[in-house]
Amino acid sequence: MKFVTSYSGGKESALALYRMIKQGHEPIALITTYNDSAERSHFHGLPEAVLKDVSDALGIPLWLIKTKDENYAKDFEAALLKAKEQGAQACVFGDIDIEGHRAWCTERCDKVGISAAFPLWGESRKDVVKEVIDSGFVANITTIDTKYLSQDFLGQQLTASLATCIANSGADICGENGEYHTFVSDGPIFTYPIEFAFGQCVSNNNYLMLSVESLSKSLFKI
């Protein structure tokens with residue numbers, strides 16, 4: 001089956017994509033919503049250069065959905081329709097168990113006549129984190145909710161011991177309630193690790209966000 005995947009750059013979307021590929025399905029594109037005014041992707045705050053690095057390392061074309069809040073659903077559906085026209089039968093999402101997310105994604109897919117696939121749905125959040133780590137994905141924490149996690153977590157690579165620390169802090173081990181977000185730079189579906197650096201740390205209410213910047217251009221400097 002050909003599919004597109006809603007790709008945030010984080011650990012669940014990477015794992016969902018990995019599972020689909022292992023099952024023999026063919027990805028034709030990564031679709032990522034992008035806030036033009038902020039010059040960052042929605043939710044995970046990744047710049048276009050980093051998203052293109054991800055696309056290159058995965059060997060899967062990137063479709064940026066440049067949209068505003070009021071047009072978000074309509075623009076997402078337009079990307080899904082384009083995917084359908086190119087042979088995609090489904091869009092894959094990394095959601096685990098939040099019913100509102102599943103309903104929104106399913107409605108978008110239903111409107112254009114493709115399936116919504118949720119490879120991680122209904123699984124233990126703890127088991128999902130363990131599989132991400134055990135599979136060899138390199139995921140660094142880029143956003144935290146300071147109500148649950150201290151600034152010390154920012155930038156750290158997700159490991160089994162760090163996941164235990166997250167759970168012990170009172171946060172969800174998977175960050176499914178927004179306690180933290182990650183950026184995946186390497187793993188079993190990457191042909192090479194992405195070269196990146198952390199930039200400035202930005203505060204937004206109770207959230208701290210560490211910017212991720214591409215180093216790919218520096219590789220070609222003389």
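Predicted model: local features only at pLDDT ≥ 70, side-chain atom pairs only at ≥ 80, totals over all residues.
Let me start with two helices: the axes of helix α1, residues 11–22, and helix α5, residues 125–134, come within 10 Å and cross at roughly 75°. That angle makes α1 roughly perpendicular to α5, because angles of 65 to 115 degrees count as such.

Sorted by class, the contact of α1 with α5 has four nonpolar and four charged residues, and no polar ones.

The next pair is α3, residues 72–85, and α4, residues 99–112. Their axes come within 9 Å and cross at roughly 50°. So α3 is oblique to α4. The crossing of α3 and α4 is right-handed. From α3, the contact takes in Tyr72, Ala73, Phe76, Glu77, Leu80, Leu81 and Lys84. From α4, the residues are Trp104, Arg108, Cys109, Lys111 and Val112. By class, the contact of α3 with α4 has eight nonpolar residues, four charged and no polar.

Now the sheet. In what order do its strands lie? There are four strands in an open sheet, and the order is β8-β7-β10-β9, with antiparallel pairing. The edges are β8, at 180–186, and β9, at 196–204, each of which pairs on one side only. From one strand to the next, the twist averages 30°.

Thr143 stands opposite Met209 of β10. On the other pairing, β9 and β10 run antiparallel and are joined by seven bridges. There, Phe198 stands opposite Val212 of β10.

The β9 and β10 pairing is a hairpin, with two residues between the strands. Which residue of this hairpin takes a positive phi? It is Asn205, with a phi near 55°. Asn205 lies in the loop between β9 and β10, and it is not a glycine. For context, most residues other than glycine have a negative phi. Is Asn205 buried or exposed? Asn205 has a relative accessible area of 72%, so it counts as exposed, the cut-off being over 50%.

A second residue with a positive phi is Phe43, at about 75°, and Phe43 is not a glycine either. Phe43 sits in the loop between β3, residues 40–41, and α2. With a relative accessible area of 63%, Phe43 is exposed.

Where is Ile60? In the loop between α2, at 48–58, and β4, at 62–66. Its relative accessible area is 4%, which means that Ile60 is buried, since the cut-off is under 20%. Leaving out residues up to four places away in sequence, Ile60 touches Leu17, Pro27, Ile28, Ala29, Leu30 and Ser55. Ile60 and Ile21 are 39 residues apart along the chain, and 12 Å separates their C-alpha atoms.

Leu62 belongs to strand β4.

Glu26 is in strand β2, residues 26–35. At a relative accessible area of 41%, Glu26 is partly exposed. Apart from neighbours within four places in sequence, Glu26 is in contact with Met1, Lys2 and Phe3. Glu26 and His44 are 18 residues apart along the chain, with their C-alpha atoms separated by 25 Å.

To recap: α1 is roughly perpendicular to α5, α3 is oblique to α4, and the open sheet runs β8-β7-β10-β9. Of the residues discussed, Ile60 is buried, Glu26 is partly exposed, and Phe43 and Asn205 are exposed.

Conventions:
Residues numbered from 1 in each chain as written. Heavy atoms only, no water. Pairing = 2+ DSSP bridges. Axes fitted to C-alpha atoms, helices over the stretch in contact; angles between N-to-C directions. Parallel < 35°, antiparallel > 145°, perpendicular 65-115°, else oblique. Nonpolar A, V, L, I, M, F, W, Y, C, P; charged D, E, K, R; others polar. Left-handed = near helix turned anticlockwise from the far one by under 90°. Contact = heavy atoms within 4.5 Å. Buried < 20%, exposed > 50% of the residue type's maximum accessible area, 1.4 Å probe, protein only.
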